[in-house]
Amino acid sequence: MHHRPFQQVDVFTATAYRGNPLAVVLDGTGLSTEAMQAFTNWTNLSEATFVLPPTPEGRAAGADYRVRIFCPGRELPFAGHPTLGTCHAWLKAGGQPQAAGKVVQECGVGLVTLRQQGEQLAFAAPPLIKSGPLAEEDVVLIARGLGVARSDILHHAWCDNGPNWRGVMLRSSEQVLALKPDASVLGQLDVGVVGPTAGSGASAPRGKVGVVGSTDAEGIAFEVRAFFPGNNGLAEDPVTGSLNAALAQWLIGAGLAPAQYVASQGTCLGRAGRVYVEQDGDTIWVGGSSVTCVSGEVLL
């Protein structure tokens, strides 16, 4: 076992302890998969990451570092808040990207580009592995699990970019915030729920495509919640980069969201996550602030 540089980072917030925490081991060299998984489970956080040198192929393609991403019980090929948080920690620890203002991360889905915008970082949303509408039986099941009528789900789609998210849009952000999901019904599903804020045209009747035309007083266009199977049953993620990236690709592509908007997540957990989405050409950038809350060493 060795003392390894470590940071615990709060992601998608500029205020410490209001976002989604992430454990970052800044030198994962020599650690086995089993050791990484055991440490992740011990942290009791939604994810932990381990920074490694790029593979020869990754380095040749421009990667600045490689990261392995774990959640309790399994390794993930990609996840959004670990991508931002790891990059933030790597830069704070003195990491120097090959290109100014741009960081290239190698992970399970390949290379992910991040850009620096002042104090914020944003990652380029990776391609969807699966898209298109959900099966009707899935929609009915999700409606029952969320405790809403089937007619309250205005739109739905696969939002799979590594994590196997199923996305549904409800009528309003208020309806999203009022959800009390039934773990016995949702079972092993990863479900992302989005609802437009007051005044948004995205709550248009079924069959019509509404484009968000306004935001609330804080400039927020959508409220998002993410439910997934955790170690002790159904869990809710405070702020979810992968889901927001996939939602953005779906919603913008379908005309249900503008090319630039802000989403709120974590409200029901006492958090204040803010996810900034912007389409630039063919790329959708998903970003936010990060704060280092713990810095030191970990024995691994």
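Two residues are said to be in contact when heavy atoms of one lie within 4.5 Å of heavy atoms of the other. The structure shown in these close-up views is a predicted model.

View 1. Leaving aside residues up to four places away in sequence, H88 touches V9, L121, S290, V291 and T292.

View 2. In helix α4, which covers residues 136-146, the buried residues are D138, V139, I142, A143, G145 and L146. After α4 comes G147, which has a positive phi, near 80°.

**View 3. The aromatic pair of F39 and F50.** A search of the whole structure finds seven aromatic pairs. In the pair of F39 and F50, the ring centres are 6.1 Å apart and the planes stand at 75°, so the pair is edge-to-face, a term that applies to planes over 60 degrees apart. This pair links distant parts of the chain, since F39 belongs to helix α1 (residues 33-43) and F50 to strand β3 (residues 48-52), eleven residues apart. Both F39 and F50 are buried, and they form one aromatic cluster together with F6, W42 and F70.

**View 4. K130 over the ring of W158.** Here K130 lies over the face of W158, and the distance to the ring centre is 4.0 Å.

**View 5. The largest pocket and its lining.** Rolling a probe the size of a water molecule over the atoms shows where empty space is left. The largest pocket has a volume of about 640 Å³, and of the 34 residues that line this pocket, S46, P72, F228, A235 and D237 are the closest to its centre. At least two residues of the lining are supplied by each of β2 (20-25), β5 (74-76), α3 (80-92), β12, β13 (233-237) and α7 (241-253). Which of the elements gives the most to the lining of the largest pocket? The strand β13 does, with five residues.

Methods. Residues are numbered from 1 along each chain as its sequence is written. This is a predicted model: local features need pLDDT of at least 70, side-chain atom pairs count only at pLDDT 80 or more; totals for chains, interfaces and linings use all residues. Side-chain values use heavy atoms; hydrogens and water are left out. Buried means under 20% relative accessible area, exposed over 50%, partly exposed in between (1.4 Å probe, protein chains only). Helices (H or I, at least four residues) and strands (E, at least two) are DSSP runs, numbered from the N terminus. Rings of Phe, Tyr and Trp (its six-membered ring) pair if their centres lie within 6.5 Å; planes under 30 degrees apart count as stacked, over 60 as edge-to-face and the rest as tilted. A charge sits over a ring if NZ of Lys or CZ of Arg is within 6 Å of the ring centre and within 35 degrees of the ring normal. On a 1 Å grid over the protein atoms alone, a cavity is a set of points where a 1.4 Å probe fits but cannot get out, and a pocket is an open set with protein on both sides within 12 Å along at least five of seven lines; lining residues have an atom within 4 Å of a point. Grid points are joined across faces, edges and corners, and a volume is the space filled by probe spheres set on the points.
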